[in-house]
Amino acid sequence: MALSLKSLLQIPPDTPRVTRNRLSFPFSLNTTCGLSGPISIGRRRRSGALASSIKGTMEDRRDSSDERMLVIVPPHPLIKHWISVLRNEETPCPIFKNAMAELGRLLIYEASRDWLPTVTGEIQSPMGVASVEFIDPREPVTFVPILRAGLALVEHASSILPATKTYHLGVKRNESTLQPSIYLNNLPDKLPEGSRVFVVDPMLATGGTIIAAIDMLKDRGVENRQIKVISAVAAHPALQKLSERYPGLHVYAGIIDPTINEKGYILPGLGDAGDRIFGT
């Protein structure tokens with residue numbers, strides 16, 4: 001059994017994030033959680049080279065992120081590992097689901113790094129008084145996983161963040177027109193002012209599903225800057241549409257792929273995430 005599992009989980013060499021032809025994105029790409037300028041990326045380019053191309057002060061970067069969509073691809077080796085497991089067509093469903101959940105854990109951790117409300121004070125430790133800082137439980141972060149594949153990517157959210165609320169959205173894509181249709185919506189009529197919302201959708205391909213979800217949030221009073229998108233794989237067509245519609249939006253992705261095929265599947269992608277998670 002050990003040999004069999006080993007053969008199933010053989011990880012292919014590091015997959016380039018784009019094709020050999022260089023792609024210039026009309027949005028900001030961040031691969032170190034500290035960059036925000038428009039960057040032209042190419043095959044196997046190192047984050048150090050990216051960092052050296054960024055100019056401007058922290059205030060300049062903050063202003064830029066308010067005006068343009070920011071895409072963050074955290075350069076953590078564990079993220080690359082789990083993406084590789086997900087890409088492997090021989091990965092069985094239980095391991096695929098676990099890989100998606102672990103990837104979600106890492107992306108949520110990165111996305112929440114500078115976004116959580118905190119309270120400060122003092123407590124008595126066994127050795128004396130200590131200044132402390134806690135996550136404020138009075139302001140829970142909202143998660144909106146898009147069914148069904150989003151359930152796996154958001155699985156560990158409650159174990160990472162002390163206070164969360166979850167509202168589910170069921171969106172199905174018409175395989176002929178590639179247009180989304182909503183079959184489940186348990187969003188409230190209005191979200192509290194200042195809400196922080198993570199929209200969790202493993203595959204950003206054509207962009208139809210994620211746009212439908214964000215538009216529903218905006219109808220409920222949520223601004224672009226209050227939304228962060230968590231995705232395993234994002235394709236250029238979806239990112240292009242998002243950048244045109246939602247300035248100030250932040251997208252956290254495990255990897256960026258260059259294109260989609262005529263059926264709306266990401267290339268090289270990882271297949272149908274929902275089918276591979278649930279085996280149906």
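Biologist: Let me start with one spot in the chain: where is Arg148 found?

Modeller: Arg148 is found in the loop between β6 (141-147) and α6 (150-153). Keep in mind that we are looking at a predicted model.

Biologist: What kind of peptide bond joins Leu147 and Arg148?

Modeller: To read that, look at the angle omega. Here the bond joining Leu147 and Arg148 is cis, with omega at about 5 degrees. There is also a cis peptide bond between Leu267 and Pro268, where omega is about 0 degrees. Pro268 lies in a loop too, the one between β15 (266-267) and α10 (273-278).

Biologist: Let me step back to the whole protein. How many helices and strands are there?

Modeller: The protein has 10 helices and 15 strands. Of its 280 residues, 48% count as buried. Among contacts with a separation of 6 or more, 65% are between residues 24 or more positions apart.

Biologist: How do I read the pairing of two strands, and how many bridges join β4 to β5?

Modeller: Look at the direction of the strands and at the bridges between them. Strand β4 (residues 118-125) and strand β5 (residues 128-135) run antiparallel and are joined by eight bridges. For one partner pair, take Gln124, whose bridge partner in β5 is Val129. The hairpin that joins β4 to β5 passes through two residues.

Biologist: Which strands run parallel to β13?

Modeller: Strand β12 (residues 227-235) runs parallel to β13, with seven bridges between them. Strand β3 (residues 70-72) is parallel to β13 as well, joined by three bridges.

Biologist: Is Ile256 buried or exposed?

Modeller: Relative accessibility is the value to read, with buried meaning under 20%. Ile256 has 1% relative accessibility, so it counts as buried. Its place is in strand β13, and eight of the eight residues of β13 (residues 250-257) are buried. Ile256 also shows how the fold brings separate parts of the chain together: its C-alpha atom and that of Val233 are separated by 5.8 Å, though the two residues are 23 apart along the chain.

Biologist: Now for helices. How many residues of α8 are buried?

Modeller: Helix α8 (residues 208-218) is mostly covered, with nine of its 11 residues buried. Among them are Gly208, Ile211, Ile214 and Leu217.

Biologist: And which residues are buried in α9?

Modeller: In helix α9 (residues 236-245), the buried residues are His236, Ala238, Leu239, Leu242 and Ser243. Because they cover an arc of only 155 degrees around the axis, they are on the same side of α9.

Biologist: Which residues line the largest cavity?

Modeller: The lining is made up of Leu116, Pro117, Ile135, Glu139, Val141, Leu161, Pro162 and Ala163. Sorted by class, that lining has seven nonpolar residues, no polar ones and one charged residue.

Notes. Residues numbered from 1 in each chain as written. Predicted model: local features only at pLDDT ≥ 70, side-chain atom pairs only at ≥ 80, totals over all residues. Heavy atoms only, no water. Buried < 20%, exposed > 50% of the residue type's maximum accessible area, 1.4 Å probe, protein only. Helix = DSSP H or I, 4+ residues; strand = E, 2+ residues; numbered from the N terminus. Arc of directions from axis to C-beta. 1 Å grid on protein atoms, 1.4 Å probe; cavity = no way out; pocket = protein on both sides within 12 Å on 5 of 7 lines; lining within 4 Å. Nonpolar A, V, L, I, M, F, W, Y, C, P; charged D, E, K, R; others polar. Pairing = 2+ DSSP bridges. Contact = heavy atoms within 4.5 Å.
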